[in-house]
Amino acid sequence: MPPGPRMGRMSRRLLLLLLPPLLALLVSPARAQDEDLPPDDVQDLVERYVARGDDSLRQGNYVEAILRFRKALRRDPKHRGARFGVVACLKTRGKYDEANEELDLHFKLHPGDREALVLKAEIDLARGRDASAREGARKVIAGGGEGPDRAGRRARLVLAEALARTGKRDEARNVLDYFLQYYEDRFAALTGAADDAAVLRGDPTRGRPISAELTEVAQALRMYVDLSPLDYEFIQNALDLVVAARDIDPQNWDALVEYVRITRADRRQANARARKALTKAEKQNPEIADLYVEAARTLLNGWNDAEARSLAETALVINPNHTDAHAIVARVMLEDFEYGDAQEHIHNGLKTDPRHRALLSLQATLDLLVGDDEGFEKGMKRVLAIDPTYGEGFHIAGLVVAGRQRRFDRAAELTRRGLEIDPLNHEAYASMGVFLANLGRSEEALKMLKHAKKAFPWEHPIRDNFASVLEDITLQMTKKRTEHFIVRLDATESELYGPFLIPLLEECWDDMVQRYGFTPRAPILVEVFQKADDFSVRTLGLPGIPAIGACFGGLITLDSPKALKPGAFLWAATARHEFAHVMSLQLSGGQVPRWFTEGLSVLEEKPLDSGWGLDMQLERELYDAYHAGDVPKIAKFDAMFRTNRVGFAYHVGGHMLEMLRQRSGEKGIVKALRLWGKDTPMREVFKEAFDLELEEFDRLFLEYVGARVSKWKLRPRYGRHMEAVQLDALNEVSNGEKLLKLAWAHYDRREVIDAGAWLDRASKQLPEDHTGVLLMRYRLELAGGRQDRAKSRLDQFFAAGGEEHQARLDQAQFLGRDGKEAEAIEAYKKAKEDWPLTVGPSSPYHHLYQYYAKEGEPRKALAQLEEHAGIASRSIELKLKLARNYRLMKGRPEAIEVLEKALQISVYDARIHQALLPLYRAEGNTKKVIRSARFLVKLLPDDVGDEVALELWLDLAAALLEDGQQEEARAALREAQELDGEAPRLQELKKKLQEEE
């Protein structure tokens, strides 16, 4: 989930697009000021331009920097610093051809300039021209002398990288050996510089070169570890050097970028350090493409894919030719089913660097995803022809296949092939462990994870957390086998929760297998965790994920009802939801888009309880999205599941599948899944399964949502959609309705003064009795604490024909305070009609129930309670209350039914079992008496009286005896004996046990 700063980066993208014309307006005064400088000393003038250009370059003002460098070059065409400044600006923005043209001009004036040769080699490296980069780097190295030589250091870094990219790892290590010796020889000077950081910081002439030297040595040490992971101890040396480089020169952005690369080795702190680096840079230079890319790579490793994509897209605004940024965006797009856009990024990246190994691997992976296995093999052969050691290409393919298709068997096989090519890839070993864990092969997974740690012992939370949960929890769980499932639970839950979960899973199997006409591979492994963090770690390797269940095709992981507070989630709906994923994933071979599988699973929850699909907040968000013109479209819907609106995405997906089912029935849904399993593109799937074009689907779904929300009378909330509403209003400043929307957007963001200002402008374009204007004036009066004036505005709103849910609730409150109870009740009835999904103490149902109960109309009160309980899907209290009313007015069966619905929310709420136990006993349902009694004796609080505990143990013993479970009955009687050995009922049960034996 991307953090707040992302919005700043998004705004900057728009600013960059507008930058050239803005600068055109700003340059003239600057030029006039510069021309006024004293002309006597031309060289001094040139140096001033260069110094100012350097300042602009360090601040990311590349256009301004180029203007200043070119002013210097007009007066001194041979000035190396000015020329190199222009090249640096062009290179940073991906204008490689223009940068080379500048270097060609420089070589005419300075043939064989070693610094220029290094720059050219670095540009060649960025474009994948490895042979040319190697040749240029070797020329520079050959022309070097003794002692510190920056051109020679940079050339060796280029040479090592170019060699490594073509599989010449031993040669690359040999080149980097120079830096190991260099580090040893210069150790005293380098550490001395670190100690004198404060002094050097005040002397840029001395400080900047030593900061650059520290950065280059740190980069070399990090590269050495990349090639030789077992030499991981050099990472700490590299980190010390780059931190010192930053201390000496806080504007050494190369050092900040290298810092992010180096700290990626320590995965425990990598994400936080990358974000911190971004925050630092944004205050001084927000235009460092490499920094966004390296931070994105770090976050991608930590499975923060949406944030990684956003950062890489920001890098591409700065440098549209950044090949690594294209690779990151393309990879996430492939996992989000955006194949067309991913192909465009791959194509654009390969135009810059046709030999880019990751991009070529992604191109091959795209072939694999669409069923072209032969194309994949050819693509990977092309990669290996460039670099025979690049097993990472298969690892990338495995990661994408796992993310896109959830085909962990295939992902594991691809990763295994990569490890055969590159057995030093410790990250691939860690991924292999995760893939095997997702296949339920825990022992093999643990072996791989331990191998990964041995290969690179630094902290790696995902790897280490997976290993810990597999070894310490999963492998210690008890197993319960059924015809179609293996269920792993904690031993303490096996007896209690198992009898609820396992029958439900088998019911799901029978129901969906029959309806879908498909039998999944069995047994399905289900693992249940008592702690939310254990579930989270077992599922994604990190604690704290906002999920309660997950499915990997043949493995389901679940939070136990114990993991969260009662009512926090619906365990039965979650189990059914995840089993529905088994069906859709296996039917489609993992090719189903995420929105479709999630939407189908949401739809499959409803047979348990139709109210579970009526989430008040999410339905309200759908209403707002419709009125703001922000209902998701199908083409890029998958990406929303990576954002902080994932809950809304699930909800919308459920409605999409409901619409498709209404159109084509379950046969259409199953046909779509089977077509995806044949690698059919989504456009063709929709045409064959639903007789729809994708664009037509978007139109029809918008109509479906419109029909759904049209009967609701709510004031749409626009705060979430401020940018779109603002742009719309400013484009038509005479459109009162659009100005009013903008006023409401400010109000929703609690910007009351701005809301009032825009309301005044809107009201000039609208009639005096416009209900929207009157409603906002009421809200503003209320926000200002002016109750009497607010009530007057509210009366005006209703008199003008206005109708709105919250306004009716407010009216009811005012009427109630004035003692006008009957009128208040009518207002509550209106509020319920306006928006029938409000739950909780402030809902109309609650007030109407209280009113009818007080007036002695129990049946009307019960009707309100039934409606309220029907939509408040997580409220155990309402279901308990409804059961009590049923016992009094309808009877035991109805009370039992509603209490068993409550058990589907939480089996660990003692109140439900206390209510059920006498009902089960009266119905003669011995097995359910045993089930509830077992829960109650386990859930007894420490301070419960002995008398209560005694009766519960005796209830359990009696039911066990009746069911023929003599050993268990004897154990229950022993517990009762500890509480009161003389109890008459205890003696009776003992006697009965003896008689039966």
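Reply: Two strands pair if DSSP finds at least two bridges between them. Strands (E, at least two residues) and helices (H or I, at least four) are DSSP runs, numbered from the N terminus. This is a predicted model, in which local features need pLDDT of at least 70, side-chain atom pairs count only at pLDDT 80 or more, and totals for chains, interfaces and linings use all residues. Residues are numbered from 1 along each chain as its sequence is written, and side-chain values use heavy atoms, with hydrogens and water left out.

Let's look at strand 5, residues 555–559. On one flank runs strand 3 (residues 524–529), parallel to strand 5 and joined to it by 5 bridges. If you want a landmark there, find Glu-527, which stands opposite Thr-557 of strand 5.

Strand 4 (residues 549–551) also pairs with strand 5, this time in the antiparallel sense, over 3 bridges. Here Gly-549 faces Leu-558 of strand 5. Strand 4 and strand 5 make a hairpin with 3 residues between them, and Gly-553 in that turn has a positive phi of about 100 degrees.

Now for the side chains. In a regular strand they alternate between the two faces of the sheet. In strand 5, Leu-555, Thr-557 and Asp-559 point to one side while Ile-556 and Leu-558 point to the other, and all are buried (under 20% relative accessible area with a 1.4 Å probe, protein chains only; over 50% is exposed, and in between is partly exposed). Because 5 of the 5 residues of strand 5 are buried, the strand is largely enclosed by the rest of the structure.

A word on confidence, given by pLDDT from 0 to 100 for each residue: the mean for the protein is 91, and 95% of its residues reach 70 or more. Over residues 1–37 the pLDDT is below 50, although this stretch has 43 contacts in the model beyond near neighbours in sequence, a contact being heavy atoms within 4.5 Å.

Methods. pLDDT = per-residue confidence, 0-100.
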